[in-house]
Amino acid sequence: MPTHAELATLQRSLRDSLVLSVYLEGRVPDPAAQHAWRVRLDHELETQRARLAAASHEERERFDACARVLERTLESDDAPVGGHGWVAFIEPDGVRHASSLLAPLPLLAWWGRGAFITPYLRALTEQRPVVVAVIDARKATVYSYHAGMLEVVASLHAHSHAAQPSHMGDAPRLGFHSGTRGVAGRDALQRTRRAGTGRMIAALVDRVTTVAGDDGWILLGGIPRVVAHAARPLAAAGARVLALPSLDVHASMARIAESARAGASTLRDAWASRQLDEIATRASAGGLGVLGREETARALALSSVRSLLVSERYQAEHPADVESAVRSALDQDASVDVVCRSAGRDLDAHGGIAALLRFRSAGDPSPSIGAGDLGAAATPPH
């Protein structure tokens, strides 16, 4: 899958071309519905073809050529099978871009000028690294989670470095016992073990932050007191860290993978909620935040948007408006996120779309992309 920046570059390269955009669902849990997607895809294509009744003969020919390219691709050895889904942007002379998806998306086909990229952004959220560490006092196992797959990347151990006891300042003689069963010996042994755990935690923090990078999610499970010990030095990562009390040291790989998926979703939702809170706070003070369709359209027209948030529901209900807004945001190098769950519901209460700004204009000119014509640059998929 492309990065956010690569997707923006791809969108710009296709903006003046007529493109068939296709999103396919991945795994189907019901065996009886394994081939139903072909019927639905045919229906989607017929819906798009019907929209072209008044179009020029040349455009209809271009659409049919793209549909034939799609059909050949689906029948080839490289046909998209399984996984979470597949996306392709097709021109008459071939597939311009195709990729497996890391998140399930609704099946759709769309014909228009430029690629229909907003659904792709939802899938891109799954690209952020997810790191899981399962820890006890003696051992820590670090996993990476990606596209539903869990992989062990490190296994760390708390090695104790206990000094060899001596007898009368010399090597211990036969029959000498160091007395480690006494209070002093036991305390020394515990200190040694704590030191070993501390070294292991330091190594763990270094490994986890390296794998997670600047924007990955970090999830911790295992013995609570050891998890708390590891969480403290990871505090610099802030809200990217989440302790999972239900994930114990005996969890199976399947259980750890499910915890990784759920934990990453929780962290994504919390991050989006904080973003929305920041935008709402700034908007209420007349600062660098705007809420709702009209204010966001004005900010996009002024190229002042730093970060755009769109709710999943708003995107589904206003696909043309959102597609145009997303293209405008990417043109000004803004980040774009499609949010769901509780953050999405909170955003819906503010109009479904919001933006964090780079600057606020002193004037209030009539926007070139306004509430009434936000979708002019894109035609809805249905």
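Predicted model: local features only at pLDDT ≥ 70, side-chain atom pairs only at ≥ 80, totals over all residues.
Residues are numbered from 1 along each chain as its sequence is written, and side-chain values use heavy atoms, with hydrogens and water left out.

The description begins with a pair of helices. Helices (H or I, at least four residues) and strands (E, at least two) are DSSP runs numbered from the N terminus. The axes of helix α7 (residues 253-284) and helix α11 (residues 341-349) come within 7 Å and cross at roughly 25 degrees. Such axes are lines fitted to C-alpha atoms, for helices over the stretch in contact, and the angles run from 0 to 180 degrees between N-to-C directions. Helices α7 and α11 are therefore roughly parallel to each other, a term that covers angles under 35 degrees. Contact (heavy atoms within 4.5 Å) is made by Ser265, Thr266, Asp269, Ala272, Ser273 and Leu276 of α7 and by Arg341, Ser342, Ala343, Asp346 and Leu347 of α11.

Aspartate 337 belongs to strand β12 (residues 335-339). With a relative accessible area of 17%, aspartate 337 is buried; buried means under 20% relative accessible area, exposed over 50% and partly exposed in between, with a 1.4 Å probe and protein chains only. Beyond residues up to four places away in sequence, aspartate 337 touches Thr125, Trp271, Leu308, Leu309 and Val310.

Serine 304 lies in the loop between α8 (293-301) and β11 (305-311). Serine 304 counts as buried, because its relative accessibility is 2%. Apart from neighbours within four places in sequence, serine 304 contacts Ala299, Gln332, Leu356, Leu357, Arg358 and Phe359.

Helix α6 (residues 224-231) has Val226, Val227 and Ala230 buried. Seen down the axis of α6, these buried residues fall within an arc of 105 degrees, so they line one face of the helix; the arc is that of the directions from the helix axis to the C-beta atoms. On the other side of α6, Pro224 and Arg225 are exposed.

Finally, the cysteines may be considered. Cysteine 66 is buried at 0% relative accessibility, and cysteine 340 is buried with a relative accessible area of 19%. The structure holds 0 disulfides, a disulfide being a pair of cysteine sulfur atoms within 2.5 Å.

Technical notes. Parallel < 35°, antiparallel > 145°, perpendicular 65-115°, else oblique.
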